[in-house]
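This report is for a reader new to the structure. The sequence and the structure come next, followed by notes on selected parts.

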Amino acid sequence: MSMLPGTPCAEEPMYHEEPMYGTMRLFSGRANMPLAQRISEYLKVPLDEAEIFEFPNENIFVRLKKSVRAQDVFLIQPTCSPVNRSIMELLIMIDTLKRASAGRITAVIPYYGYGRTDKKDQPRVPITARLIADMITVAGANRVLTVDLHAGQIQGFFSIPVDEMTAMPLLVRYFREKGIANPVIVAPDVGATKRARNFAQALDAPLAVIEKRRVENRPTARVLNLIGRVRGKNAIIVDDEIDTGGSLAGAFEILRKRGAQEIYACATHGVFSPPAVERLSALGFAEIVVTDTVLIPPEKQMPHLKVLSVAPLLGEVIRRIHTGESVGAMALA
Ligand code: R5P
């Protein structure tokens, strides 16, 4: 039987056996260059150069220094402060890569800004977390890699694959190695209970939960109640992010009143919006532990702040996405 040229015959594999997306290329926006540098060191892949600047009219300009045609590009840009600029820069860089014919674009967004605006919980409000997901997709990202979304359901706002990693094992390991005696893990609000429960299980410690309610739309939090026993114990508060520090300050006060001894806090994202630094520095935390998903500039450094790096975690996931190895298997390792 004769076949038309180019028609696959039964013995011919239909898939591509060569790496499908070319060489790994790493780019970073300006939001967290030190983290991008650490990921690059982990992977032993240099960061690609891109010209990024703002015109006097605040329009962002991007130009890649080398061709990315048919290559496997990872663009690292958490959407942290200045949030709106970081988002716009991410979108413009994705568009640049797409128009430069990159083979595949993975947006590595270690911190997903606007993640807390994830539902219409009152009339006439936006779902900005969804809007951002749409914009990233329309700009041309093929995949997203992120860390500890405020709510896991945000993954479903994307119609492209999302790998959401968690920094919790990193934080658990840190506290396990510290060997804190008689610990109790504290969820600073009901929404943080599942995360704190997993943390407590991993450290074989009991759990306490603070019931907190926000007042209108103001970022001030009001602590209402504490469920669980903390007297005489060393408390570790576990959250996804520390923003203005209001939740932590409230948690600190109620834990002190209820007789907790040393009080630690940890979160994946150290956003530290004003007045977090003044507020938290004035309290007697034994230690506040966050990761480097968000850039922490010198003015946000404070006593007893410990920053762990997610670079090995993200570097390893990037390596696996590139080679097509399982990422899920990392959770089981
Ligand atoms: C809230 O739902 C989050 O899990 C954090 O508790 C919140 O982002 C912390 O914000 P702040 O530090 O401003 O209280």
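## A residue in strand β5

T106 touches V73, F74, L75, R143, L145 and I321, where residues up to four places away in sequence are not counted and contact means heavy atoms within 4.5 Å. T106 is part of strand β5; strands (E, at least two residues) and helices (H or I, at least four) are DSSP runs, numbered from the N terminus. The relative accessible area of T106 is 0%, so T106 is buried. Buried means under 20% relative accessible area, exposed over 50% and partly exposed in between, with a 1.4 Å probe and protein chains only.

## Basis of the values

The model is predicted: local features need pLDDT of at least 70 and side-chain atom pairs count only at pLDDT 80 or more, while totals for chains, interfaces and linings use all residues. Residues are numbered from 1 along each chain as its sequence is written, and side-chain values use heavy atoms, with hydrogens and water left out.

## Surroundings of the ligand

There are 14 residues around the ligand, and D239, D240, T244, G245 and S247 come nearest. A residue counts as near if one of its heavy atoms lies within 4 Å of the molecule. Strand β11 (234-242) is one of three elements that each supply at least two residues of this shell, along with β9 (207-214) and α6 (246-257). With four residues, β11 gives the most. Sorted by class, the shell has eight charged, five polar and one nonpolar residue. Here Asp, Glu, Lys and Arg count as charged; Ala, Val, Leu, Ile, Met, Phe, Trp, Tyr, Cys and Pro as nonpolar; and the others, Gly among them, as polar.

An N or O atom in the side chain of D239 is 2.6 Å from an oxygen atom of the ligand. For T244, a polar side-chain atom lies 2.5 Å from a ligand oxygen, and for E241 the corresponding distance is 3.4 Å. On its own the ligand has 380 Å² of accessible area, of which the protein covers 92%; areas come from the Shrake-Rupley method with a 1.4 Å probe, and for residues only the protein chains shown count as cover.

## The loop between β11 and α6

D243 sits in the loop between β11 and α6. Leaving aside neighbours within four places in sequence, D243 is in contact with R116, V271, F272, S273 and A276. The side chains of D243 and S273 are joined by a polar contact of 2.5 Å. A polar contact is a pair of N or O atoms within 3.5 Å; within protein, one must be able to donate a hydrogen and the other to accept it, and residues adjacent in sequence count only if both atoms are side-chain atoms.

## Nonpolar cores

The largest nonpolar core has 32 residues, and I94, L97, A107, Y112, I136, V144 and F158 touch the most other members. Such a core is a set of buried Ala, Val, Leu, Ile, Met, Phe, Trp, Tyr and Cys residues joined through side-chain atoms within 4.5 Å. At least two residues of this core come from each of β3 (60-64), β4 (72-76), α2 (83-99), β5 (104-109) and α3 (128-139). Helix α2 gives the most, with six residues. Another core, of 28 residues, lies apart from it, with V184, V186, V290 and I296 among its members.

## The loop between β4 and α2

Q77 is placed in the loop between β4 and α2. Its relative accessibility is 1%, so Q77 counts as buried. The side chain of Q77 reaches the backbone oxygen of S86 at 3.1 Å.
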